[in-house]
Amino acid sequence: MTNPSGDTAAQSPKSSYYSNVNQDLLQIVPATAERVYEFGCGEGRLGWAYKTWNPGAEYIGIELFPDAAAKAREVLDAVHEGSAEDPSVTTAALERHGLADALVYGDVLEHLVDPWAALKDHLRLLKDDGVVCICVPNAQHWMLSLNLMAGHFEYQDSGLHDRTHLRFFTGRSLRRFVEGAGLTMKKLHRRRIGTKPPAELEQICRTLADAKGVPPQDLHNDLLTFQYVVQAQRPTATPPMQIDFKKLADRGGFNFTRVAAPARAFNSVPGVSVAVHGETASISAHPEGPNIFVWQRPILRLNRDPAQIEILRRRRKLIVTDFDDDPDLWREIPENRYLSFLGAHVVQVSTESLVQKIKQWNPNTFLVPNRVPQIFSYAEARAQSEPNTIFIGGFNRGPDFEAFAETVNAFAARSARDWRFLVVGDETIFSALTMPNKEFFRILPYDQYMAVMRRADLALLPCADSAVNAHKSNLKFMEAAAGATVAIASRNVYGASVSDGATGFLFDTPDDLARVLEQIDGHPDLEPIRARAYDQARRDFALSPSIAGVLDLYRTLYDQYDALDRQLAERLATLLDRPAGGASGGGTAG
């Protein structure tokens, strides 16, 4: 099968699977799927990666080669050994597992004798609203096309000239293939991999385009495409949705749980298109369905942002303020008379306490809790863990740790074990630790932050009893549990999430923490606590299962757009001392 990453990747350990997975194909397998069939699953790399994002899904492989099937069984829920073109294999899968939400073909269809008949047979496995996810090499790619023009077509062991390819697809023929099966394309991505094309290719495109009457740029794009990745679905009456995120400036993994991970998951759902914008946002609106604009933790200013709000209203964007912290942290919010909340149709927040607080400014405030985007298997998480290691992390958490620093230092000095501390993000915490065996990490991308946490045997999560912390979510406990790291957590923030002594340990005062640390130091076995917390994370904290509910919320709110926009107009009129006006009646933004 075509594997532009190199066939040797198949021999890598599971810890390196993810870097060798076709990420473009992975990202169109719906995050909301409960069951997936992959034809030609190989050793299960794609399914393994998918289940780290959607751990509750049932992922079933169909694989022709016994050795690959045996390895796939180590990481997938089930594997049927046999040919993708054997209807009895389809029947056996259907009888054993039932209908699926997605069928996946990663560089498989070009190897089949009759892919048209095979897909028709496989559609017996697909729910009415399920999707088909396909990746095929492009037979029009410039390397293959130029070789043909020069009279060369030598078979090779892999790549575009793979000697096992029986069928060839271009972008146009792939579309006909999909439509011939009664499906419509929902998403199409062009993968560009490999050698840079010769400079003369653009001139060749202009010449050929003139002769054929096609746009030169379209032909150039076709020739540069190494593989087509397509998501297709039976015709559906569900209107398409456009979601735009305007995020804060990147700072390590700061945006990941509230923007990057949800955006990735939303975009995997058929009919949902997502764009993530930085400092500036060029916003378009889909004419046929809901248009959602999610503004991450905005500090909106009266002298600047009402004009931006009016542009969004004219384009019938549902303005959603996303706020996951105490607004009292920013003096600019009250200085601008709470425009950050008054200037949105709705507000989504991360905790119930924030719902109650922000409802005083915007009654349309909803809970969208934090979730863990990716959860590796328990065995993989434990394989990364280092004994006698304690994680402490977060931005500006020094004041929370200050009251407990002496307790932690005394414990480390007194213990017979050589404890190592991994500190992420806050140098004041690192400086407060007096033991020599410690390691500091500045701001990290989210995946690296989580990798550091998984290294730790324990995670210390101190939170001072403050008004700000009263609105903190339990995200760090969820992350620790997902990484099979035992949490030692402040009761005021984590008391509702952690079952003391069963899924972690709770403390209030420095004396409480000292007793907990002594208990852990002599604890014969933390494994049951670790396993229970991990099971809770997989069951309750994964992001993917929550995505469908958030999309349903957005659709419901958008159905109420006119009423919500009238409320917004009235709030703005009061705030800005002007007549209430409806901006949603049409026109284009300036």
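Trainee: Which residues in α23 are buried?

Mentor: Before that, a word on what we're looking at: this is a predicted model, where local features need pLDDT of at least 70, side-chain atom pairs count only at pLDDT 80 or more, and totals for chains, interfaces and linings use all residues. Residues are numbered from 1 along each chain as its sequence is written, and side-chain values use heavy atoms, leaving out hydrogens and water. Buried means under 20% relative accessible area, exposed over 50%, and partly exposed in between, with a 1.4 Å probe and protein chains only. In α23 the buried ones are I529, R530, A533, Y534, Q536, A537 and F541. They sit on the same side of α23 because they cover an arc of only 160 degrees around the axis, the arc being that of the directions from the helix axis to the C-beta atoms.

Trainee: Why would residues a few places apart point the same way?

Mentor: An α-helix has 3.6 residues a turn, so residues three or four places apart point the same way.

Trainee: What do the buried residues of α23 pack against?

Mentor: They pack against α15 (378–384), α20 (475–482), β18 (486–490) and β19 (505–507). Contact means heavy atoms within 4.5 Å. The element names come from DSSP runs, numbered from the N terminus: helices are H or I with at least four residues, strands are E with at least two.

Trainee: How far does α25 reach from its first C-alpha to its last?

Mentor: The expected span is 1.5 Å times one less than the number of residues. Helix α25 (residues 561–576) has 16 residues and reaches 22 Å, close to the 22 Å expected. Its buried residues include Y561, L564, L568 and L572, and the buried residues of α25 pack against α11, β11 (318–323), α13 (339–342), β12 (346–349) and α24 (544–559).

Trainee: Where does A484 lie, and is A484 buried or exposed?

Mentor: Most residues other than glycine have a negative phi. A484 has a positive phi, near 60 degrees. You'll find A484 in the loop between α20 and β18, and A484 counts as buried at 2% relative accessibility. R297 is another case, with a positive phi of about 35 degrees although it is not a glycine. R297 is in the loop between β10 (291–296) and α11 (305–314), and counts as buried at 9% relative accessibility.

Trainee: What volume does the largest pocket have?

Mentor: About 1000 Å³. Of the 41 residues that line the largest pocket, the closest to its centre are F254, D325, F395, K472 and K476. α20 gives the most to that lining, with three residues.

Trainee: How far apart are S350 and S473 in sequence and in space?

Mentor: S350 and S473 are 123 residues apart in sequence and 6.5 Å apart in space, C-alpha to C-alpha. S350 is in the loop between β12 and α14 (352–358), and is buried, with a relative accessible area of 5%. Leaving out residues up to four places away in sequence, S350 touches R258, F323, D324, L367, V368, P369, N370 and S473.

Trainee: Which strand holds A275?

Mentor: A275 is in β9 (residues 272–277), and is partly exposed at 23% relative accessible area. Again not counting residues up to four places away in sequence, A275 touches Q242, I243, D244 and F245.

Terms used:
1 Å grid on protein atoms, 1.4 Å probe; cavity = no way out; pocket = protein on both sides within 12 Å on 5 of 7 lines; lining within 4 Å. Points joined across faces, edges and corners; volume = space filled by probe spheres on them.
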